[in-house]
Amino acid sequence: FRPYVGWVEYFAESGLVQPWDTSKISNFKHLNPFMVKAGQSQGKQYGIPDDWGFDAILYRTDKVKPTAPSWGLIFDERYAGKIAWFDDLNMITVAGMHLGVKDPWNQTTAEQNRSKSFLISKKHVARTFWSSETDLWQAFGAGDLWIAYAWPNDWVQMKAKGLPVVYMHPSVGKEKPVAWVGMFMLLKDTPRPDLAHAFVDAWSSKKSAEWLENNYGYGHANTEARPSSSDLLKALQLTNPHAVGLPNAYLDRNIQQRATYAHLWEEVKAA
C-alpha cells in the first residue's frame, strides 16, 4: 500500500508493516537518495519512494494578480468566491505556516486555535473545498475558480485546457510549498512478498517513471527519468534532486497530533 512520507514513522512503529529487502529491487539504486532516506525508520527501509510533488497554488494569470508569492493568495479577499481549498487537515498546517508559527506540523494548543480561528475567518473566500481532483478540474476549467490549493497534475490538466495558469511556489518569509513523496510499504506477514517486490521494482523503473511524469505531471524518484515536455521539466523542477527539501520546499512530516489536527479541520468546516 502507498501512504505518503508523513506517515512513514507512524506505520514503522505500528507493527503493521515490515522493511523491504532492497536487494530484490533492481531499480532501487536509481532512486533519489534523499527520498530513499525519508523512507527509513531506525535504519530500515520501510518506504520505497515512487511519485512526488507539491502542495502549492494554481492560479489564472489573466484573472489574478498576486501581491506576493504567498499562501496568502488562497485567503485573498479580492478573489472571494473564486478560490478552492483542499479538504484536508493540512489546511491547519498551511494556515500555521502563513501565520508564522515555528513548527506548523507541531503547533502548540494556542497556535492550533489561532490557525483554526484564522481559517474560520477566511472560510467565506472559498467557493469550495475539493477532495476529488476531477471536481476541481471541472470547476476551474469552467471558470468558476481562479485560484486553488493544488497539485502538479492540476496544473497539467488546466494547461491542457488552454488556460493561462501558473503553478506558484510560496516563498515569502518562511513560507514554502509542502512536498510529498508517495511511499510503497509492505504489510507484515504478506503471503506474496516476492510479487510485492517485483511490483515495486517495476514501478521504480525508468520506463514507469517517464510515463508517470508525462501523463500526470508528478515527479518520480527514479533520477534517470525525464519527461518529454521541457515546460513540465522546468515548472515542476523535475531535474532538481533536492526539489522536495529545503530551501525549495518543506518535506511533509509526521504530525504527532494528527487526530487533533483532523478535529480542528472538521471544526473549521462546521463553523
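A residue is called buried when its relative accessible area is under 20%, exposed when it is over 50%, and partly exposed in between, as computed with a 1.4 Å probe on protein chains only. The structure is a predicted model, in which local features need pLDDT of at least 70 and side-chain atom pairs count only at pLDDT 80 or more, whereas totals for chains, interfaces and linings use all residues. Residues are numbered from 1 along each chain as its sequence is written, and side-chain values use heavy atoms, with hydrogens and water left out.

Backbone geometry is considered first, against the background that most residues other than glycine have a negative phi and most peptide bonds are trans. Gln 42, which is not a glycine, has a positive phi near 55° and is placed in the loop between β2 (40-41) and β3 (44-45); with a relative accessibility of 75%, Gln 42 is classed as exposed. A positive phi, near 65°, is also found for Asp 189, again a residue other than glycine. Asp 189 belongs to the loop between β10 (186-187) and α7 (193-203), and its relative accessible area of 65% makes it exposed. The peptide bond that leads from Leu 246 to Pro 247 is cis, its omega being near 10°, and Pro 247 is located in the loop between α9 (230-235) and β12 (250-251). The helices named here (H or I, at least four residues) and the strands (E, at least two) are DSSP runs, numbered from the N terminus.

The interior is described next. A nonpolar core is taken as a set of buried Ala, Val, Leu, Ile, Met, Phe, Trp, Tyr and Cys residues that are joined through side-chain atoms within 4.5 Å. The largest such core has 79 residues, of which Ile 74, Trp 85, Leu 119 and Ile 147 touch the most other members, and its largest share, seven residues, is supplied by strand β4 (residues 48-60). When neighbours within four places in sequence are left aside, the residues in contact with Ile 74 (contact meaning heavy atoms within 4.5 Å) include Ile 57, Trp 85, Met 91, Val 125 and Ile 147.

Two helix pairs were examined, with axes fitted as lines to C-alpha atoms over the stretch in contact and with angles running from 0 to 180 degrees between N-to-C directions. Helix α4 (residues 109-122) and helix α10 (residues 258-270) have axes that come within 9 Å and cross at roughly 25°, and the two are therefore roughly parallel to each other. Angles under 35 degrees count as roughly parallel, those over 145 as roughly antiparallel, those from 65 to 115 as roughly perpendicular, and the rest as oblique. Residues of α4 such as Gln 112, Lys 116 and Leu 119 take part in this contact, and those of α10 include Tyr 261, Leu 264 and Trp 265.

In the second pair, the axes of helix α5 (residues 133-141) and helix α6 (residues 152-160) lie 10 Å apart at an angle of about 40°, so that α5 and α6 are oblique to each other. Among the residues that meet are Leu 136, Trp 137 and Phe 140 in α5, together with Asn 153, Gln 157 and Met 158 in α6.
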